[in-house]
Amino acid sequence: MARPGENTSATPTPGSTGRTDPRSGLPWVDETALPVQARQTLALMRKGGPYPYPRSDDQLFGNREGLLPAQASGYYREYTVETPGAVDRGARRIIAGRGGEIYYTDDHYASFRRVREGR
């Protein structure tokens with residue numbers, strides 16, 4: 001089983017803008033193009049925590065919106081991306097699949113982008 005952040009998926013196409021991940025159909029976003037807080041969350045995930053919201057982070061994500069590729073229950077886990085100025089967890093999250101794929105949302109699951117790690 002892959003750890004969060006370990007990329008075991010197909011090689012993505014070059015470039016982020018206007019390109020989509022062939023597996024998910026979602027647009028790619030380079031890790032370096034993510035907000036600094038999202039990159040910090042990825043670093044925490046790679047270390048295995050600790051997380052700023054231990055009751056919410058590294059917990060199962062149900063994909064109830066159906067925007068991520070369909071997988072068995074328990075496949076996805078979610079992580080909070082801090083939002084400066086927010087009085088709560090905010091709307092930004094990283095979702096990690098058991099296969100190593102990473103997704104980012106900045107609108108509380110209304111849309112996702114597939115993260116291309118290391119770029």
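Is His108 buried or partly exposed? His108 is partly exposed, because its relative accessible area is 41%; buried means under 20%, exposed over 50%, and partly exposed in between (1.4 Å probe, protein chains only).

1. **Basis.** This is a predicted model, in which local features need pLDDT of at least 70 and side-chain atom pairs count only at pLDDT 80 or more, while totals for chains, interfaces and linings use all residues. Residues are numbered from 1 along each chain as its sequence is written, and side-chain values use heavy atoms, with hydrogens and water left out.

2. **Overall make-up.** The protein has one helix and six strands. Both are DSSP runs, numbered from the N terminus: helices are H or I with at least four residues, strands are E with at least two. The pattern along the sequence is β-α-β-β-β-β-β. Of the 119 residues, 42% count as buried.

3. **Surface and contacts.** The protein exposes about 6500 Å². Carbon and sulfur atoms supply 50% of that area. Accessible areas come from the Shrake-Rupley method with a 1.4 Å probe; for residues, only the protein chains shown count as cover. Take the contacts with a separation of 6 or more: residues 24 or more positions apart account for 47% of them. Contact means heavy atoms within 4.5 Å.

4. **The sheet.** Six strands form an open sheet in the order β1-β6-β5-β4-β3-β2, with mixed pairing. Two strands pair if DSSP finds at least two bridges between them. The edge strands are β1 (28-30) and β2 (59-61), and each pairs on one side only. On average, neighbouring strands of this sheet are turned by 40° against each other, direction ignored. Axes here are lines fitted to C-alpha atoms, for helices over the stretch in contact, and angles run from 0 to 180 degrees between N-to-C directions.

5. **The helix on the sheet.** Helix α1 (residues 36-47) packs on the sheet and touches β3, β4 and β5 (102-105). The direction of α1 makes about 35° with that of β4.

6. **Length and buried side of α1.** The 12 residues of α1 should span 16 Å at 1.5 Å a residue, and the end C-alpha atoms are 17 Å apart, which agrees. The expected span is 1.5 Å times one less than the number of residues. The buried residues of α1 are Gln37, Ala38, Thr41, Leu42 and Met45. They cover an arc of only 145° around the axis, so they sit on the same side of α1. That arc is taken from the directions from the helix axis to the C-beta atoms. These buried residues pack against β3, β4 and β5. Just after α1, Gly48 takes a positive phi of about 85°.

7. **Strand pairs.** Strands β3 (residues 76-80) and β4 (residues 93-97) run antiparallel and are joined by five bridges. Here Glu78 stands opposite Ile95 in β4. By contrast, β1 and β6 (residues 113-116) run parallel, joined by three bridges. Asp30 stands opposite Arg116 in β6. Two bridges join β5 to β6, and this pair is antiparallel. Tyr103 stands opposite Arg114 in β6.

8. **Two loop residues.** Back to His108, which lies in the loop between β5 and β6. Setting aside neighbours within four places in sequence, His108 is in contact with Gly90, Ala91 and Arg93. Gln71 is in the loop between β2 and β3. Gln71 counts as partly exposed because its relative accessibility is 43%. The C-alpha atoms of Gln71 and Gly97, 26 residues apart along the chain, are separated by 9.0 Å.
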